[in-house]
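Subject: Structure handover and findings

Dear colleague,

Please find below the structure for your records. The findings follow directly after it.

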Amino acid sequence: MDKRAVVFGGGGVTGVAWTMGMVYGLAERGIDLTTADLFVGTSAGSVVAAQLTSGTPVGELYAHELADTSGDRKAAVGVRVLAGFVVAALWPGDGAKGRAWLGRAALRKKTVPESERRAAIAGRVKRDAWPDALLRVPAVEAETGEVRVFDRDSGVSLIDAVAASCAVPLVWPPMTVGGRRYVDGGVRSVANVDLAVGYDRVVVVVPSTASVKRSGKPAVQARAFTNSVVVSPTDAALTAIGRNPLNPDRRAPAAEAGRVQAAGEAERVRAVW
C-alpha cells in the first residue's frame with residue numbers, strides 16, 4: 001500500500017487559518033488529510049500539523065479560526081525581515097552560513113520574552129505530547145544555521161518544537177530547545193517538502209510559496225515525488241488573507257477563503273490522495 005504524506009508550509013497566523021479552511025473544505029468533500037502516514041509542518045504549518053494530529057475534529061479547529069481572532073499580537077513583517085530572508089537564501093557557498101547570519105541577527109534583536117511567545121503557541125497547540133502519527137517539525141539553529149528536524153524521538157516538548165519552527169527571525173525571539181536556540185524552519189525552506197522523502201503520495205498545502213531560490217519553491221521540490229500536488233492560495237484567497245500574515249484580524253476571512261477554494265482543488269487532491 002502506498003504511503004501518504006501531507007506537508008503544511010509557513011504563512012503566519014493567516015496561513016494557519018487558510019490552511020485549516022482548506023483542510024476542512026477538502027474533508028467536506030470526502031478527502032481526509034488527517035489519515036496521512038506522515039505529517040511535515042514548517043512554521044505556521046507546524047501549528048496546523050500539531051492541531052490536526054491532536055485528535056480534535058477538523059470542524060472544531062476550523063470553527064476556532066472563525067471565532068477567535070485574538071491570536072498573537074499584531075506584528076508587521078517589515079522590509080528588514082524580508083531582506084534578511086533574501087540575504088540568507090542567496091548566501092554563496094554553504095547555505096548554513098547564510099542561515100546563521102540571519103539567526104545571529106535574530107539573537108541580537110529585542111522582541112518579546114520567550115515565555116510569552118511559548119504561551120502563545122501553547123494556546124494553539126493544546127497537547128504537549130507528540131501524536132501517535134509521525135510528525136516532523138524543522139527548525140534552524142540560530143548560531144550555526146544547521147537544520148534540525150524534531151519528531152517524537154527527539155526527546156523534546158511538542159510545544160517547544162512548534163515554537164522553534166514558528167520563530168520568525170527579527171519578529172519573534174529565537175526559542176530555546178534543549179539548551180540551543182532556534183529560528184523559523186522556513187529559513188531553510190517555506191515548506192521543506194523534501195522531508196517527505198520515501199513517501200509515495202504527497203499533498204503539499206502551503207499558504208505562501210515565496211522563495212528566492214528556485215530549489216526552495218514547493219512546486220519544484222514536489223517534482224521529486226512520483227505522485228504529488230501543491231495547493232496554494234488563489235488570487236481571491238490572497239486578497240482575503242491580506243498583506244500581513246501576522247494580523248489576527250484576517251484569520252476568519254482567510255479560513256473562509258480556504259474552505260471556498262477547496263471546492264476547486266478537491267479533484268486534484270483526490271487524484272493524489
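Thr19 touches Phe8, Val48, Val205 and Pro207, not counting residues up to four places away in sequence; contact here means heavy atoms within 4.5 Å. Thr19 belongs to helix H1, residues 12-28. Helices (H or I, at least four residues) and strands (E, at least two) are DSSP runs, numbered from the N terminus. With a relative accessible area of 1%, Thr19 is buried. The class limits are under 20% relative accessible area for buried, over 50% for exposed, and partly exposed in between, with a 1.4 Å probe and protein chains only. The side chain of Thr19 also reaches the backbone oxygen of Gly15 at 2.8 Å.

Please note that this is a predicted model, in which local features need pLDDT of at least 70 and side-chain atom pairs count only at pLDDT 80 or more, while totals for chains, interfaces and linings use all residues. Residues are numbered from 1 along each chain as its sequence is written, and side-chain values use heavy atoms, with hydrogens and water left out.

As to the chain overall, the secondary structure comes to ten helices and eight strands. Of the 273 residues, 53% are buried. Among contacts with a separation of 6 or more, 79% are between residues 24 or more positions apart. The accessible surface comes to about 11,400 Å², and carbon and sulfur atoms hold 52% of that surface; the areas come from the Shrake-Rupley method with a 1.4 Å probe, and for residues only the protein chains shown count as cover.

Two serines deserve a separate note. Ser43 is placed in the loop between strand S2 (38-41) and H2, and is buried at a relative accessible area of 9%. Its side chain is joined to that of Asp184 by a polar contact of 2.8 Å. A polar contact is a pair of N or O atoms within 3.5 Å; within protein, one must be able to donate a hydrogen and the other to accept it, and residues adjacent in sequence count only if both atoms are side-chain atoms. Apart from neighbours within four places in sequence, Ser43 is in contact with Gly10, Ser165, Cys166 and Asp184.

Ser189 lies in the loop between strand S6 (180-183) and strand S7 (201-205), and is buried, with a relative accessible area of 5%. Its side chain makes a polar contact of 3.3 Å with the side chain of Gln221. Beyond neighbours within four places in sequence, Ser189 is in contact with Thr42, Gly216 and Gln221. Ser189 and Gly10 are 179 residues apart along the chain, and their C-alpha atoms are separated by 9.0 Å.

Pro245, in the loop between helix H9 (235-241) and helix H10 (251-272), is partly exposed at 25% relative accessible area.

Helix H2 is mostly covered, with nine of its nine residues buried; among them are Val48 and Gln51.

Finally, the second largest pocket is lined by 16 residues, of which Gln51, Thr56, Leu61, Arg124 and Lys126 lie nearest its centre. Helix H2 (44-52), helix H3 (58-67) and helix H6 (114-124) each give two or more residues to this lining, and H3 has the largest share, three residues.

Yours sincerely

Methods
On a 1 Å grid over the protein atoms alone, a cavity is a set of points where a 1.4 Å probe fits but cannot get out, and a pocket is an open set with protein on both sides within 12 Å along at least five of seven lines; lining residues have an atom within 4 Å of a point.
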